[in-house]
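Please read them with the structure open.

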Amino acid sequence: MRRLKIEADGTVRLPEELLHRHRLSAGQEVLAESHEDGWTFHLVRPDLRKVYVEATALCNLSCAICIRQVWRERPGSMGWDLFEELIRQLRAFPELRRLIFGGFGEPLVHPRIVDMVALARTLGVGTTLTTNGLLLDRAMAGGLLEAGLDTVVVSLDPAHLQAYRQADLTDGLDRVLDNIRGLRALAQERGRLVPRIGLEFVLTRDSLPDMPEVPRLAQALGASFVLITHLLPHTADQARAILYDREEPLPSPPGWPVRGADWLIWGLARMPRSRWGAWRRCRFVEERAVAIRWDGGVSPCYALMHSYPYYIYGRRKEVTAYILGFIQERPLAEIWGSEEYVRFRAKVRAFRFPSCVDCGMACDYAARNEDCWGNTPSCADCLWAQDIVRCP
């Protein structure tokens, strides 16, 4: 903590050591936020590092646990001109490290997804794609390899098996597994060390018996990690399938060896937390991430990208999309550095929210995704902040 003195002319002189440590110089913009007993100063910087891009909100499956079952929005796909504009605007962020193609649709449905990955790679950053794997055939795999994709995460769980049956895809699972094997084989044929392959598994009471098989499947497919997440239930029936409130600890899957041509790494299952607790942190804000919807809307996270209901510990709540601007109307750098967005990130980093799950009061705030401290939107009972629900 530093004691600073206000000079006679109203200026405040910062110590040289502080200026050097935080790389501050003349012209640095600072946002001052007043509190009851003082002030907090927030640096305004183009320090965005990760971008989640919803190339499309359309999907080739209809999974029973998906948000799409309860959406009241009209889904669409990002136009090529809008994506080109996004890439142009992202050049203003020197610390950018990764683009993740995901969101609430199936990226491979987009007719220009390969071109999108290739254009994203011109930024000199890593690229990740999340998919259900059905459309990841040899032609698509070859295109993504040439485009420079370095990580693929494929969703595999009983909910997808059910969706295959509903779509009359009797060979759906075999097709997905063959596509993953084909991608890895094609990469090896071309002498590529990437893409890394990961699996995503949604944990429910129904899927728990299948979890021990996931590491063995990951090893057989050459996947280097498995992301296990709890269910975000959108209906009362789904709420009865959650596992994150049970007393018994979840089994911890063992690791597995992943062999390459002349190397060996150890694959790991990334487990979620399973009990609500005092530990609360937002990976989206901590990792300096932003989510861009298919229509150009800028949101701070997946949880606030769209409007939808979900249930938390039996209580229904309505989430309203929190959009800070649209990149076709206002540059992303300006949105990122806006007073509203800077203050929101600071509030989330300090987690200045109550814990609605621990509160015994009956109120209507949480049902509207607000809280009694005056926050709208509120992160007070966010399952992502508890690391109960996770994203790649």
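Predicted model: local features only at pLDDT ≥ 70, side-chain atom pairs only at ≥ 80, totals over all residues.

1. The largest cavity holds about 770 Å³ of space. Its lining comprises 34 residues, and those closest to the centre are Cys-66, Gly-103, Phe-104, Ser-155 and Glu-200.

2. Which strands each supply at least two residues of the lining of the largest cavity? They are strand E5 (126–131), strand E7 (196–203) and strand E8 (225–230). By class, the lining of the largest cavity splits into 17 nonpolar, twelve polar and five charged residues.

3. The second largest cavity has a volume of about 190 Å³. It is lined by 20 residues. Nearest its centre lie Cys-301, Ala-303, Leu-304, Cys-379 and Cys-382.

4. Ten strands make an open sheet with mixed pairing. Their order is E9-E10-E8-E7-E6-E5-E4-E3-E11-E12. Strand E9 (256–259) and strand E12 (298–299) are the edge strands, each pairing on one side only. Strands E5, E7 and E8 of the cavity lining are members of this sheet.

5. Strand E11 (residues 289–292) pairs with E12 in the antiparallel sense, over two bridges. Ala-291 has Ser-299 of E12 as its bridge partner.

6. A hairpin is formed by E1 and E2, with two residues between them. Strand E1 (residues 30–35) and strand E2 (residues 38–43) run antiparallel and are joined by six bridges. Leu-31 finds its bridge partner in His-42 of E2.

7. Next, the core. In soluble globular proteins, nonpolar side chains tend to be buried together. Here the largest nonpolar core has 111 residues. Which of them touch the most other members? They are Leu-90, Leu-99, Phe-101 and Tyr-308.

8. Leaving aside neighbours within four places in sequence, Tyr-308 is in contact with Ile-67, Val-70, Trp-71, Leu-232, His-234, Ala-303, Lys-317, Glu-318, Val-319 and Trp-384. One of these partners, Ala-303, is among the residues nearest the centre of the second largest cavity.

9. Backbone geometry comes next. Most residues other than glycine have a negative phi, and most peptide bonds are trans.

10. The peptide bond from Thr-376 to Pro-377 is cis, with omega near 0 degrees.

11. Phe-351 is not a glycine, yet its phi is positive, at about 50 degrees. Is Phe-351 buried or exposed? Its relative accessible area is 10%, so Phe-351 counts as buried, the cut-off being under 20%.

12. Asp-387 likewise has a positive phi, near 65 degrees, in a residue other than glycine. With a relative accessible area of 7%, Asp-387 is buried.

How values were computed
Residues numbered from 1 in each chain as written. Heavy atoms only, no water. Pairing = 2+ DSSP bridges. Helix = DSSP H or I, 4+ residues; strand = E, 2+ residues; numbered from the N terminus. 1 Å grid on protein atoms, 1.4 Å probe; cavity = no way out; pocket = protein on both sides within 12 Å on 5 of 7 lines; lining within 4 Å. Points joined across faces, edges and corners; volume = space filled by probe spheres on them. Nonpolar A, V, L, I, M, F, W, Y, C, P; charged D, E, K, R; others polar. Core = buried A, V, L, I, M, F, W, Y, C linked by side-chain atoms within 4.5 Å. Buried < 20%, exposed > 50% of the residue type's maximum accessible area, 1.4 Å probe, protein only. Contact = heavy atoms within 4.5 Å.
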